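User: Please take me through this model by question and answer, giving the cut-offs behind each term as it comes up.

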Number of protein chains: 2
Amino acid sequence: MMWVAVDVMSGDYGPEKIIEGAVNAVNQDGANVVLVGKEEEIGEILLKFEYDTNKVRIQHASEIIDMNDSPSIAVRTLQDSSIVQATQIVADKTCVGMFSPGNTGATMASALLYLGRIPGVLRPPIAAPIPQENGPPMLLVDAGANVDCKPDYLAQFAVMGEIYSKLIFNILNPKVGILSNGEEDKKGNTVSLKAFEMIKKLPINFVGNVEGRDLYGSGKDVDVVVCDGFIGNIVLKATEGLSKSIFNVLRESIKQSSLAQTGALLLKPTLGAIKKRLDYAEYGGALLLGVDGICLIGHGSSNALAVQSAIRVAVECAQHQINDRIAADLKKYNI
Amino acid sequence: MMWVAVDVMSGDYGPEKIIEGAVNAVNQDGANVVLVGKEEEIGEILLKFEYDTNKVRIQHASEIIDMNDSPSIAVRTLQDSSIVQATQIVADKTCVGMFSPGNTGATMASALLYLGRIPGVLRPPIAAPIPQENGPPMLLVDAGANVDCKPDYLAQFAVMGEIYSKLIFNILNPKVGILSNGEEDKKGNTVSLKAFEMIKKLPINFVGNVEGRDLYGSGKDVDVVVCDGFIGNIVLKATEGLSKSIFNVLRESIKQSSLAQTGALLLKPTLGAIKKRLDYAEYGGALLLGVDGICLIGHGSSNALAVQSAIRVAVECAQHQINDRIAADLKKYNI
């Protein structure tokens, strides 16, 4: 039986929505979950739900790592935090994987410290799914785990991202590209150009350089986009900022006119489609690839659907033995 | 009298819209323009407009550099192209500045080759204005001119961007930040952290690290954001791709339902506000900072308003002697 550890304490809006998502995963997807956090609080919230009690356990954790805590210090000093406790029950094989909507840096640091890396992995990257207009998401690897990446890190990101895209999003022969400042082969910086040469030699479906616009389906068709985590973080936050700003303008102008209010009402399905277009909830979170255990990192504002999706992805990763596959491919390709 | 050279041939949609923008600049802003391109074609189009003939000249250029031409080769071999000819009449001081909606790399290469750098400038960056919900635009420096930037390049970008923001967008004491993967001082990569230390020592209003979301007003208040051109290019293209994709979803769903069509009609002012929010036309183009002459680079799809705005910015840059100020400040700060 595969159990998934769910840190229910570290989300922006408290444990209730997280627990709701976990219970939905149990009831609708047959998942088994260990809810990690303050036992009493979790117990009380659970009273509101119906579920198979054989499939839900509680792991007490008395502390919470805050969004503003220093990751490297917090994971060492707050040993009884929900993030560290969730990691520990993956490390001791009670669970196959974990999900946390908390401090990204701390979740990453905890996974690196207590799970360690898969043999051969140089730097575990964050693989973030970017929703597309149609079909499965595109994966951005690395979405922020590592700065100052070397070319061989990027080559490994390509291999790991390709496996993830293939096994979890069922893309037969994922197209892999490098994020660059132009499509032509000679465009890039020193690191991306060297990585280009390394990835070109791998037996994967490499489509070469891709541009920023390709991330949102406005250009080259690509399934996995590799980049330095410094860039991945900036790009994701920039597009998040832009979409927030667009919805702000929308909300403000609608407030100011009753005509616009009627218009918005009639356009509701359309605006819903746009929101969905930008909604990561369906994919649950970003996967920290290359650590020895499954670790999914969610938005602080994860809703019940995001939690349920993340639990589903964790189980699928374990079922498909994604980590064995990563170790095998890196060895086979000798990178 | 200050003349501005306008490359009318290199836009995506031919010379007419470009010429219209230039004529508007003459009629509405009192500008003096040299239209650079095929003399006969320009002459014919000019017949459609009324304007003071003392304020419009034509500089014949028989060739056009294509969007797909290799910049470094094109600017050497296509000497009679509109881009090179426009640059030449800035180099020989006939004009104070130039605007081209053509091949960005070629415009940049032409400016570097024929105008050269202002004394002391290490690498001229592209300063791209990013529209904000209210007030003047934010400047992203470098939006794509240089990859593999060193810390001292970034420090110079900060100085040049600050001057541009102050003189042209009338911001009294522009807030300058470095684009990074987190707001805390210790966040960054090797280059950005070193640049942070250098910029901190300059007598400018340095606000430290800013994040991707801050580019669209969703966070820290900042007027000038400094980054490597590799990153600037990727971020701008990603947000461009996202906004295109949002409007695609909107257009598609509106097509499919008459209710949505009515809704869109009622929401027209709102959608207009959002479009404006994403519209660079008001600012005309991006300025190549640090070359010895004013060089504005427009979108290939520049409309008449964008051209008119770019001409206005070119004149203002010359009036405010922005380049003398750059040379003086770099010398004064000894960077």
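User: In which loop is B:D142 found?
Analyst: This is a predicted model, in which local features need pLDDT of at least 70 and side-chain atom pairs count only at pLDDT 80 or more, while totals for chains, interfaces and linings use all residues; side-chain values use heavy atoms, with hydrogens and water left out. Residues are numbered from 1 along each chain as its sequence is written, and chains are lettered from A and ligands numbered from 1 in the order in which they are written. B:D142 is joined to B:V141 by a cis peptide bond, with omega about 20°. With helices (H or I, at least four residues) and strands (E, at least two) taken as DSSP runs numbered from the N terminus, the place of B:D142 is the loop between β6 (138-141) and α6 (151-168) of chain B.

User: What is omega for the cis peptide bond that joins A:V141 and A:D142?
Analyst: A:D142 is found in the loop between β6 (138-141) and α6 (151-168) of chain A. The cis peptide bond between A:V141 and A:D142 has an omega of about 20°.

User: What is the phi of A:D148?
Analyst: The place of A:D148 is in the loop between β6 and α6 of chain A. Although A:D148 is not a glycine, its phi is positive, at about 55°.

User: How far apart do the C-alpha centres of domain 1 and domain 2 of chain A lie?
Analyst: The domain bounds come from an automatic or database domain assignment. For chain A the assignment gives domain 1 as 1-120 + 289-319 and domain 2 as 121-283. The C-alpha centres of domain 1 of chain A and domain 2 of chain A are separated by 25 Å.

User: Which residues in domain 1 of chain A lose the most area to domain 2 of chain A?
Analyst: Buried area is the accessible area (1.4 Å probe) that two parts lose on being put together, summed over both. Between domain 1 of chain A and domain 2 of chain A about 1,500 Å² is buried, and carbon and sulfur atoms give 65% of this. On the side of domain 1 of chain A, 38% of what is buried comes together from the three residues that lose the most, namely A:R117, A:G120 and A:L289.

User: Which element gives the most to the side of domain 1 of chain A that touches domain 2 of chain A?
Analyst: The interface of domain 1 of chain A and domain 2 of chain A has 6 residue pairs in polar contact, both residues being at pLDDT 80 or more; a polar contact is a pair of N or O atoms within 3.5 Å, where within protein one must be able to donate a hydrogen and the other to accept it, and residues adjacent in sequence count only if both atoms are side-chain atoms. On the side of domain 1 of chain A that touches domain 2 of chain A, the elements that give two or more residues are α5 (104-114) and α11 (304-319) of chain A. With 7 residues, the one that gives the most is α11(A).

User: How large is the area buried between chain A and chain B?
Analyst: The contact (heavy atoms within 4.5 Å) takes 50 residues from chain A and 50 residues from chain B. Carbon and sulfur atoms give 71% of the area buried between chain A and chain B, which is about 4,400 Å².

User: How far apart are the closest N and O atoms of A:K237 and B:E211?
Analyst: A salt bridge is a side-chain nitrogen of Lys or Arg within 4 Å of a carboxyl oxygen of Asp or Glu. The structure holds 22 of them over all chains, and the count between chain A and chain B is 4. In the salt bridge of A:K237 with B:E211, the closest N and O atoms are separated by 2.3 Å.

User: Which element supplies the largest share of the side of chain A that touches chain B?
Analyst: Across the interface of chain A and chain B, 6 residue pairs are in polar contact, with both residues at pLDDT 80 or more. At least two residues of the side of chain A that touches chain B come from each of α7 (190-200), α8 (229-256), α9 (258-266) and α10 (268-277) of chain A. The largest share, 20 residues, is that of α8(A).

Notes. Contact means heavy atoms within 4.5 Å.
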